[in-house]
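Colleague: I would like to go through the terms used for this model and see what each one rests on.
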Amino acid sequence: MIIPLEHVLLFSLILFAIGMVGVLTRRNAIGILISIELLLNAVNVNLVCFSRVSEDPMAGQMFAFFVIALAAAAAAVGLAIVVAIYRTRNTVQTDEIQLLKW
Amino acid sequence: MDQMFVNIKAALVGLSDKVFPDWVGVLVSIAVSIVAIALLGPLIMMYLTLIERKVVARMQNRIGPNRVGKYGLLQPLADGVKMLIKEDIVPRNADKVLHLLAPILIVAPALLVFAVLPFGRNMTAVDLNVGILFFAAISSIGTIGIFMAAWGSNNKFSVLGGMRSVAQMISYEIPMVMSVVPVLLAVGSLSTNAIVEAQADWHWFVFTPWGFLGCVIFFLCGVAECNRSPFDLAEAESEIIAGFHTEYSGMKFALFYMAEFMSAFTISGMTTTLFLGGWQGPLLPSWLWFFLKTYGLIFIMLWFRATLPRLRVDQLMALAWKFLLPLSLVNIVATCIWHFLSDEAFFTPAAFLVPLALLVFSYWGLMKLNQPYMPEKRVYPLVD
Amino acid sequence: MPQLEFLIKCGVYGLMGLGIIAAVGAVLLPNLFHAGLALAFVLVTIAGIFMSVGAEFLGMVQILLYVGGVMTLIIYTIMLTGRLGAKDVRAQNRQGIFAAIAAGFFVCWIGPLILKTGAWPQRESDSAPPLLSVEDLGMSLMTEYVFPFEVLGVLLFAVLIGAIVIARQDRPS
Amino acid sequence: MVTANLAYLIPLFPLLAFVINILFGRYVKDKACWISVGASALSCGIAWPLIVGVIGGTTYHHDFAWLALGGVDLKFGYLLDPLAATLLFVVTLVGTLIQIYAIGYMKGEARFSRFFAYLSLFMFGMLGVVISDNFLLFFMCWEVMGLCSYLLIGFYSEKDSAANACKKAFLTTRVGDVGFLLGILALFTLAGTLSFAELHDAVELNRDSQLMITVTALLLFCGTIGKSAQVPLHVWLPDAMEGPTPVSALIHAATMVAAGVFLVARAYPLIEASAQAAQVIAIVGTVTALTAACVALTATDIKKVLAYSTISQLGYMVAAMGCGAMVAGIFHLMTHAFFKALLFLGAGSVIHGTGTQDLREMGGLFPKMKSTAWTFLIASLAIAGVPPLAGFWSKDEILLAAHQYGNLYYYALSLTAFLTAFYMFRLFVLTFLGKPRNPDIHAHESPKSMTGPLWVLAVGSILVGLPGSFLAHNWFQDFLNRGHEVEHPVNYTVMITSIALGLAGIALAFLLYRGGLGMGEKLARSLAWPHRVSMNKFWIDEAYAAWLVRPWHALARLLFGLDAKVVDGAVNGTGAGTLGGSRVSGWFDKYIIDGTVNFIAAFTQFCSDIFRLFQTGFIQNYLLIVFAAVVFILYFGIR
C-alpha cells in the first residue's frame, strides 16, 4: 500500500457519510440513486483496500466486482421505475409520491 | 530503422540520467511519451482532414483543396489558424461551465486511448496488461462529454443530437466489446502488445472466419462509435443542424473535430491491432506497417462517407441489437470451436470450416429473421 | 525511489480530496445534471484509487461499467424525466439538519475509532504485492466464485427483462 | 291382398307434403303446390285399387293395439268397407281437383306454400277420418280437420272478419265436438268398444238400455250438428266463407262438413236402435234444410248463397239419415260433393274474374266466361234436381224416404227442393244473364288450371248420380247395403212432383230476375216481413249474441272483478304484510346489527387516526430513522 490503510478507510467513511446525507435529503429520486451509488462506491473502496492487505486478495476484489455488477442492475431497475413513475405521476420528487401515506 | 523512435527516446532518457537523479529519468521517459502522443494526435487529425477532403473530392470527381501549399499541404494549418482566431461564442442561457468543459472532456479520452496503441515494435506508450479494457473504458467516457456538450448548449437540436448520439454509442459499445472477446480468448491476454505478438508469422486473426467477422463487426461498431457516416445521425445536418455541437464555434468546434478524427484513427488502429496483425509485416519497419494498415482502414471509412447514405434511427438500432449483437455472440462460440479444433495450430481445415459453416448459417438465419416487413402491393380498385 | 513514491502519494491524496469535494457536489448540487457529472467524477477518482492500489482490472471495470454505463443511464433518465433547469425547485427536503447531525455523529464516532485502531494488517508496499492478473480473476470467477457469478448472471437477466417491462410504454389498446 | 296395408299410406302422403311445405316452405316456394297435389294424387293412386277391390266385394280391415286399458285394448286401424270406399273416392278425387284448381286461384299469394301445407294437412285429417276403423281415431282426425278449417278460414288473418270468422267456426264446432267426445265416452261405457266393425253386434247386445243408446246416439249426433252446420250450430258456416274459395269448396262444401253425415252413417247401428234419436235427427235435418233454403233466397253474396245452400243440402242428408235412409243420405253426400264443389269453384272463378262477390254487381257474364257459365249451369241444374243429373237421383231417394217416414217431413223437404231450384237459378240468372250492372267490372275467363277441374267436376255432376238410379238398377244402393237384400220401390208421384217443383223454381227465378233486380225488390217490398226474416237469417246470430254472448261477457266481467278485488287484494295484502315485517326487520338490521359493526369499525378508525401519525409516507423519513437507530445501536454495541 502506498498510503496507510486508515486514510483510505477515512476517505471511504467520509464518502459514505456524504452519500448517506444525500440519500436522506435528496428530493429527486434520481438524486437518491446518485447518492446510493456513492454509498456503494464507498463500500467498494473498502473492499478493494482490504483485499490489498488480506491473506486472500481475491475475495475483496471479487465482491467489489459483484457490487459493481449489482449496482448496475439496481441502477437499471431503479431508473426504469423512475421512468415509469414519471410517466404515470409526472413527477419524480419523492415527497410528492406518497400514496402509502395514511 | 525499425526501432528508430525507440532509440531516440532511449537516447533522451540516457541524456537526462547523466545530468539528473534517476527518478527524473522515469519522469523524462513518461514526458517523452506524452509529448510524442500529444504532438502526434493533432498532427494526425490535421492531415486526416486534408486526406478526407482530398479523397472525398476525388471520389466526387473534383480536386479538393490545392491552393495553400503544394497540393494544398498547408491547408490544415490555414484551417487551424482560422479556427483559432474565430470568435468564441457562448450562448446566453448556456450552462457555461459544462459548455466549456465538454470539448476538453471529449478530446481527452480520444487522446488517452493513444497510450495503449502499439504503433510499432516496442512502441507502446503504456503497456497496460488491461490495455483493451482501457481502450473500451476510456472511449466510453466520451459519451459523457457529448452529454455535457448537448446539455450545456441549451439548444433543443443539441439535446436531440446528444440523445441520439448517446443511444447510438451505448448500443454499439456492446457488440464492439463482444467482438473483441474472441481475440482475447485466442490470445489469453488483454495487453495490446501481447495481442500483436500473437499474430506473428502472418497469423493475422482476420484470416480466420471468426476473426474476419469480428473485424467487420468491430470496425462497423467503431465507425458508429465515432459518429461517422453512415452512422452520423447525431450530427445529421439535414435533420438537426449539427447535433450536439451546433452551438460551438472556433477552437471548441475544432476540438470536437479533433476528437472525431482522432477517434477514427484510434478505431482504425485498434482494428489493425486486434485483427490485422498490428505492426507485424515483412521488410518495412513495423511502425510503417501499422500506419499503412491504419490508413487503409481510414480510407475505407472515407469511402463509406462518400458512398453510403445515412441510416434511419430505427435501422441503426436494429442493426446493433438485432444483427451485430447476436452475430458477435455466435462469433464467440465459433471462436471456442476453432480453439478446440485447431489444437494450437493456426490453420487446420476442420478448424476453419466448422466455425465458418456456423457463422454462415447464423448470418443467413439472422438475415432471414431481420427481413424487414414488406407491405403488400397496394391495389387501388377505384383508380383503374 | 522515494521521490516518485511521494509524487504518487501526493497524487492519491489529491484524488481523495477531489473525490470528497465532488461527492459533496453530487449530493448537494441543486442541478441534477451537475450532480450526475460530479458523481461521474467521483467514480473516476475512485477508479484511480483502485488502480493505485493495484486493482487495475477493477479500475477499468469501474470506468467501463459505472462511468460508461450507469452514469450514462442516470444522465439519460435525468433528461427523460425533464425539469432540468428547474432551479427554483428545492433539491433537499426538510430533514437535512437531522441527516447531517446523524451523519456527522457517525463520522465523528467511527473516524477516531479507525485512527485509534493500530492493529491493521500491514503489508510492505515493496515486498512483492500479490498483484492479481486478469487471468487469476477469471479463474477464481469460474471456480471458487462460480456460484455467486451464476446467481449474478440470473439476476442480470432478470433485471434486463424487468427493466424493459417496467419502462416499456403501454401499448395503446 | 298384398296391397291391403297400403291403406296406411293413403293419409301418409299428405302428411309428408304438409311437413315438407311447413318446414321448407321458404325453399320450395312456388313448388309447394306440386308437392301437395302430387301427394294427393299419390293418395288417389293408392286409394283407387283399394276402392276397386271393395267394389269387387272385399272389406279391408286391419288394426293394432294402441293402448291397453285394463283388459280392453284401444285399437287403431283402418276399415275399408263400401261406406269408406265411397267417401275415399269422393275425397281423393274432389280433393285433388280442388288443389289443382287452387294452383291457379292462389297464384302470387304471399303465403302460397303455407296454404298448400294446410290443405295437405286437411287432406291427411280427412283421409284419416274416412279410413279410420274406430271412433277414437275418427275423433282425432276429426279434430285435425277442425284445426285446418280454423287455420284456413283465418288464412287472411290480417282481415278482422276472417280472424273473427275462424274463431267463431272453431268455438261453434267445439260445442258440437264436446258432445261428440262425451258420446264416445258414453259409447265406450255402453258397448265397451269403439270399433265400427263391432258396433252393430255391441248395440244388439245392449238393446235393453234404450235410454243409454238414445243418449249416446244424440251425443254423437252433436258432433254432426257442429261439423255439418245443422241448426242451431250452423251459424259458423256462412262466416267461414271468409276463407279462400278453394277452401270453401273443399272443406266447407264437399268434404269436411259432409264428414258429419259420414259420422251419422258410421253410428247408424245406434240410430237404428233408437227411434227417438232418429226422429230428433230427422227433425233437425228438415228444419236445417228449410231454414237455410229460406235464408239463401235473399242472400246477395255469391258465396253466402252457396253456403246456405250447403247447409240446406246437409240438412237434407241428415234428414235422410233420420228418416232411415242412410244409403240415400250417403248417395246425396256423394252427388252433392261433386256439384257443390263445382258450384264453389265456379263461384271462385267468377270472383277471380270479376273481383267481387256481390250478386248485385254482376250480370251478363255468360259471354265472357263460357266455361265457367256452362259448368255452373250444369251444377245448378244438378242441385235443382233436374233429371238425369246427379242431384235428381239422390234427392229423389231422400224425398222418397221422407215420404215413407212422414208427410210433414216430405212436404218440408219438397218445399226446400222448390226453394233450392229458385235460389240457385236466381243466383245463376243474376250472375250470368242479363246486362252487366257494374261497368267497372271487366270480367275474364280463368286459367286452364281452374277451368279444367271445373269440367271434370261437371262431368262428375252429370254422371255420378247414375249408379244410384233405377236406370242402373240401383247398383249403388246395393253396393252400400251389401249383404242386405232391399227392394227399390219406384214412386213416380214423388219423382214427378220433385221434377215439377224444380222446374217451377227455375221458371220463377227466370221470370223474376231475367230483367235484373227490379222485380225481386218489388216482391221483397210486398212480402216485407218474410223478407226481413230471411234477410236477417232468422236472427239466430243476434239471439246468440243476446242470450249467450252477452251474459257470458257479464259473467266474465264479474269474475274479473272478483279476481281484481278479492284475489289480488289477498295477494297485495300478503305483500304489504311482508313489506311491513321486513321494515321492522330492516330497522333492526340497520340500527342494531349494523350499528355494532359500524361501532367496531369506527373504533378501529379512531385508533388508526392516532397511529397513522407515525406514517409520514416519506421514504427518506423512514430511512433517517433506520439510519439513526443503526448508528445508535452500533454506538452502544461497540463501546
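Modeller: Start with helices: a helix is a DSSP run of H or I of at least four residues, numbered from the N terminus, and its expected span is 1.5 Å times one less than its number of residues. This is a predicted model, in which local features need pLDDT of at least 70 and side-chain atom pairs count only at pLDDT 80 or more, while totals for chains, interfaces and linings use all residues. Residues are numbered from 1 along each chain as written, chains are lettered from A in the order written, and side-chain values use heavy atoms, without hydrogens and water.

Colleague: How do you know what span to expect for α1(D), and what span does the helix have?

Modeller: Helix α1 of chain D, residues 9–23, has 15 residues. From first C-alpha to last it reaches 21 Å, close to the 21 Å expected at 1.5 Å a residue.

Colleague: Which residues of α1(D) are called buried, and what makes them line one face?

Modeller: Buried means under 20% relative accessible area, with exposed over 50% and partly exposed in between (1.4 Å probe, protein chains only). D:I10, D:P11, D:P14, D:A17, D:F18 and D:N21 are buried. Their directions, taken from the helix axis to the C-beta atoms, fall within an arc of 120°, so they line one face of α1(D). They pack against α2, α3, α4 and α5 of chain D, contact being heavy atoms within 4.5 Å.

Colleague: Why is D:L314 called buried?

Modeller: D:L314 has a relative accessible area of 0%, and therefore counts as buried. This residue of helix α15 in chain D touches D:S228, D:Q230, D:V257, D:A258 and D:V261, leaving aside residues up to four places away in sequence.

Colleague: How many residues line the largest cavity?

Modeller: With lining meaning an atom within 4 Å of a point, 24 residues do, and B:M169, B:E225, B:C226, B:A259 and B:S263 lie nearest the centre. α10(B) gives the most, with 7 residues.

Conventions
Helices (H or I, at least four residues) and strands (E, at least two) are DSSP runs, numbered from the N terminus. On a 1 Å grid over the protein atoms alone, a cavity is a set of points where a 1.4 Å probe fits but cannot get out, and a pocket is an open set with protein on both sides within 12 Å along at least five of seven lines; lining residues have an atom within 4 Å of a point.
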